[in-house]
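Please keep the sequence and the structure open while reading.

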Amino acid sequence: MLYKFIPVLMLAASPVFGQQQADTLVAPLKDSSVHIAFGKTDPRLSPSFMTVLKGEELQRYDNIADVIASIGGRVPGMIGGQNIRGFGGALIVIDGVPRPANSITLQEVEEIAVLRDVQASVLYGVQGNNGAILITTRRGMPKQRNIRVMAEYGFAKPISYPNYLGAADYMTLYNEALQNDGLPALYTPAAIDATRTGNNPLRYPDVDYFTGAFLRKTKPQSRVALEFSGGNNNAQYYLNVGWQRDGSILSAGEAASMHDDRLNMRSNLNFRINKYIRSNVDIVGVFDVRRGVIGDFFADASTLRPNAFAPLIDTALVPDKKMLQTATVIPGGYLLGGSSIFRNNVWGNLYYGGYSTQTNTAVQFNNGIEVDLSPLAKGLRLQTLFSFDYYNQYTESQTNTYAVFEPSWAPGTEQLSLTRIGLDRFSGVQGISNTSQRRRFGFYAMLDYTRRFGDRHVVSAMVQANADQNNETDIFQPNKHANLGMRVNYAFASKYVADFSAAVVSSPKLPKGNRTGVSPTLALGWILSEEPFLRGSSWLDFLKLKVVGGVLKTDQDISAFYSYEDIYTSGSSFTWNDVTRSNTSTLQSTVKNSRLFFEERKEWNAGLEAAMFGKRLWLDLGVFRSRHTGQVVMRNNAIPAYLGGLNPFENFGEDRNSGIEAGLRYMKNQGKLTFEAGFNMLYLRTKVTKRDENWGEPYLYRAGRPVGAMFGLEAIGFFRDEDDIKNAPEQLFGAVQPGDIRYRDQNGDNRIDANDEVQIGNSAPDLYGGLTLRISYDRFSLFTLLQGNLGSDRLYTNAYYQVYGDRKYSGVVRGRWTPETAASATYPRLSSKANSNNFRVSDFWLYDNSVLQLSRVQLGYALPKNVARRLYMQSLDAYVRASNLVNFSRNREKMELNIGMEPQYRFFTAGLRAAF
């Protein structure tokens with residue numbers, strides 16, 4: 001079987017014709033080549049849908065480190081930086097090997113090629129089902145010695161923090177919640193007034209954790225990268241060393257001095273063995289160290305009620321001074337407050353709780369060999385590549401315990417006494433946890449043949465094979481991939497191109513006899529601008545039409561191995577009649593299906609590329625339709641449970657994606673001024689065409705609706721009074737009161753239950769877009785990137801918005817329903833109990849997620865060459881950059897707010913780039 005076969009020979013990737021996106025960062029129609037799957041190609045003639053970005057140009061105007069972030073907004077058909085046409089995460093291929101995107105920085109990148117259609121990615125076998133992003137790293141050039149240095153420093157500023165109510169307001173509203181539930185008040189008016197005045201914060205605490213006592217206004221960031229490259233005709237080298245440090249937003253305790261560090265090193269070496277054989281050796285190391293304290297500050301800050309306890313007790317108030325001799329004192333002269341219920345003290349975690357250090361290590365190795373076989377046959381070339389990756393992660397930690405002190409007062413007096421709870425124990429014992437290791441072995445080889453016959457015919461042919469195996473800690477079954485492939489390409493007169501590509505794929509996740517399949521594709525291209533009736537046009541410089549279709553078989557969404565077998569699990573235990581023996585039953589959970597097969601992506605594409613008006617205006621336009629068929633599901637709705645409820649996994653589900661993608665770019669030079677604008681978009685429609693479902697109402701069926709359809713109840717206001725409740729349909733989600741959310745009875749059965757759910761939104765936008773603007777004048781340049789989406793929805797369901805019981809109250813509850821605010825209320829009544837009616841999935845908690853974001857702005861200045869040379873440099877550029885600047889949206893505040901985690905940030909950076 002292919003999946004058992006790693007040392008394979010690939011007869012391979014000829015430089016078939018590819019396409020190059022007419023983008024700001026690409027130079028179309030030049031006599032150059034770009035990378036495609038297992039080879040390179042002339043970008044002018046390719047019939048496939050692909051976009052190429054050049055790393056050097058990206059860095060010149062948008063010098064960020066994150067490669068995926070650099071793609072977002074620049075490629076037609078993309079959602080963000082890794083999702084192509086809504087299929088999900090694309091395969092990331094670095095120097096021919098599938099690898100994590102976070103193992104590389106933009107400074108190491110020579111070229112990024114985004115393969116959007118099924119034909120462009122079919123040679124990656126089952127892994128290419130969501131498209132592929134090929135990243136090619138920089139390499140040394142003969143007799144071109146280069147030294148480059150990049151350094152930048154900046155800061156991240158939090159956009160917003162949660163708005164929680166103070167202790168007095170919390171106490172008042174919690175009393176109201178108790179009253180709504182028919183329970184007596186917990187807090188007296190005197191206690192609420194004393195809390196509001198703040199005269200005795202120890203007895204009547206009012207704690208806000210989102211203040212300068214715990215948090216800085218900004219956190220620092222710095223980054224440095226050095227590059228060295230050069231060589232001669234026999235050997236070339238490239239070396240990149242980078243270091244990045246991110247500081248902490250926390251300002252107190254041990255956390256204030258902690259930071260995250262990332263060190264990355266890359267060495268690419270090319271060398272000639274003899275006249276016909278070349279080789280390369282690439283070694284990469286990435287070391288990522290993330291430091292923190294024990295405990296989760298932002299989770300605690302979002303859950304600890306403001307009046308729960310005073311976290312600090314001034315030592316001047318301690319009545320028994322002997323207690324201070326054995327107590328741990330916080331700098332500034334404070335004891336840690338708490339109680340038998342609240343042992344988790346934020347100050348204690350920050351100062352004395354201990355630490356954790358997560359270390360992530362990645363080591364990657366490539367060894368490639370290229371053999372020129374032209375003495376045997378002109379145009380024949382053999383290439384092999386062996387790769388080995390090692391990833392290791394572990395967390396080193398030390399957990400300490402600390403005592404907290406619970407204050408109490410004698411009844412009717414102000415006499416303070418403290419009770420110690422727990423002990424201060426600094427163990428000094430380091431523990432290792434969260435360990436994982438992963439190893440990947442890969443091998444491919446390829447042999448391609450390209451031959452030109454006369455001036456009008458070019459024929460390329462190839463077959464290919466590759467395999468890899470991934471082993472991971474505590475996972476018995478390694479993940480394996482292997483496939484054979486071939487491609488035949490014919491170009492006539494540099495204007496008609498046909499490309500047939502196919503892969504024979506294999507999968508160990510399928511039963512014997514079904515573990516191999518064929519994925520065929522065909523692409524046709526026609527360069528109309530080379531035809532006599534258009535050649536020499538005064539306004540049209542280039543026009544190409546292209547059509548692509550094919551079928552790609554995949555197993556990437558099959559989650560488990562052996563899902564085609566009979567699977568048995570342990571059931572409940574039973575006891576013999578004498579009660580002296582017991583045993584555990586065995587149950588069958590899955591029925592065997594020996595016909596289980598690959599899922600398939602069936603797709604066709606049509607489009608055009610055009611350059612007009614002296615190549616100032618570029619257009620890339622395409623339409624596509626893709627079906628994801630044979631999805632592996634267990635059809636539990638097909639057979640009633642009373643017949644046994646045992647079903648096999650089957651190829652049954654089906655979805656459809658269709659849409660329009662477009663890229664438009666305009667550029668004009670006039671003297672020292674250069675203006676360039678680029679627009680990229682994707683209009684996407686998805687549809688569920690087949691699902692295993694059996695609902696009681698027709699509007700509950702998912703088939704026929706978008707893949708991201710969101711279902712829930714339709715809210716129609718709040719119950720006004722008891723008569724309103726009495727006259728409403730029967731409420732089956734629990735007893736309701738005035739002020740609770742009322743839902744529409746969709747089927748008219750006079751009952752509110754799960755059968756009244758309808759489609760209330762769509763989690764996936766219909767329209768995505770990106771706009772790039774660049775203006776250069778003399779040595780100054782300004783770059784701007786905007787990204788946006790339209791037509792998506794989100795549910796806000798966390799504890800910040802859905803408040804019940806004794807949860808911490810946020811500012812949203814100010815709009816709560818009361819009899820006095822019934823006409824203007826924006827939030828249901830408060831309750832001290834879990835409310836099974838108000839916090840169901842419904843459109844009451846739905847918001848429009850459409851947004852236009854000003855993602856990045858960079859202003860640059862290039863020092864005059866003569867000045868740079870006086871400083872012993874070839875060039876020196878300075879820049880300032882701002883990222884994640886502004887979101888334009890009706891629901892901007894909700895989008896920008898994080899709950900229970902670090903806030904979202906705006907980033908501001910200044911840097912220098914120098915070449916020697």
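Helices (H or I, at least four residues) and strands (E, at least two) are DSSP runs, numbered from the N terminus. The model is predicted, so local features need pLDDT of at least 70 and side-chain atom pairs count only at pLDDT 80 or more, while totals for chains, interfaces and linings use all residues. Residues are numbered from 1 along each chain as its sequence is written, and side-chain values use heavy atoms, with hydrogens and water left out.

## T105

T105 sits in the loop between β7 and β8 (109-115). Is T105 buried or exposed? T105 counts as buried, at 10% relative accessibility. Buried means under 20% relative accessible area, exposed over 50%, and partly exposed in between (1.4 Å probe, protein chains only). Beyond its neighbours within four places in sequence, T105 is in contact (heavy atoms within 4.5 Å) with A65, V67, R262 and N264. T105 and N264 are 159 residues apart in sequence, and their C-alpha atoms are 8.6 Å apart in space. The side chain of T105 also has a polar contact with the side chain of E108, at 2.8 Å. A polar contact is a pair of N or O atoms within 3.5 Å; within protein, one must be able to donate a hydrogen and the other to accept it, and residues adjacent in sequence count only if both atoms are side-chain atoms.

Y879 belongs to strand β44 (residues 875-888). Its relative accessible area is 5%, so Y879 is buried. With neighbours within four places in sequence left aside, the contacts of Y879 include N63, M150, E152, Q858 and R913. Y879 and L183 are 696 residues apart in sequence, with 63 Å between their C-alpha atoms.

Q221 is part of strand β11 (residues 219-231). Q221 counts as buried because its relative accessibility is 18%. Neighbours within four places aside, Q221 is in contact with E152, Y153, G154, F155, A156, R245, D246 and F907.

| Side chain | Partner side chain | Distance |
|---|---|---|
| Y879 | N63 | 3.0 Å |
| Y879 | E152 | 2.6 Å |
| Q221 | D246 | 3.5 Å |

## Two positive phi values

Most residues other than glycine have a negative phi. F613 has a positive phi of about 55° and is not a glycine. F613 lies in the loop between β29 (599-612) and β30 (617-634). At a relative accessible area of 41%, F613 is partly exposed.

D778 is not a glycine either, and its phi is positive, near 55°. D778 is in the loop between β39 (767-777) and β40 (780-790). Its relative accessibility is 43%, so D778 counts as partly exposed.

## Nonpolar cores

A nonpolar core is a set of buried Ala, Val, Leu, Ile, Met, Phe, Trp, Tyr and Cys residues joined through side-chain atoms within 4.5 Å. The largest has 64 residues, and Y209, F297 and Y809 have the most contacts inside it. At least two residues of this core come from each of α4 (167-180), α5 (189-197), α6 (297-301), α8 (346-351) and β36 (741-743). Which element gives the largest share of this core? α4 does, with seven residues. Another core lies apart from it; it has 32 residues, among them V122, M446, V505 and F598.

Neighbours within four places aside, Y209 is in contact with residues including F214, L215, F297, A301 and K808.

## Cavities

How many cavities of 30 Å³ or more does a search of the whole structure find? The search finds seven. On a 1 Å grid over the protein atoms alone, a cavity is a set of points where a 1.4 Å probe fits but cannot get out; lining residues have an atom within 4 Å of a point. Grid points are joined across faces, edges and corners, and a volume is the space filled by probe spheres set on the points.

The largest cavity has a volume of about 140 Å³. Its lining has 16 residues, of which G96, P98, R440, Y444 and N466 are the closest to its centre. β7 (97-98), β18 (380-399), β21 (431-453) and β22 (457-472) each supply at least two lining residues. The largest share, four residues, comes from β21. By class, the lining has nine nonpolar, five polar and two charged residues. Here Ala, Val, Leu, Ile, Met, Phe, Trp, Tyr, Cys and Pro count as nonpolar, Asp, Glu, Lys and Arg as charged, and the others, Gly among them, as polar.

How values were computed
1 Å grid on protein atoms, 1.4 Å probe; cavity = no way out; pocket = protein on both sides within 12 Å on 5 of 7 lines; lining within 4 Å.
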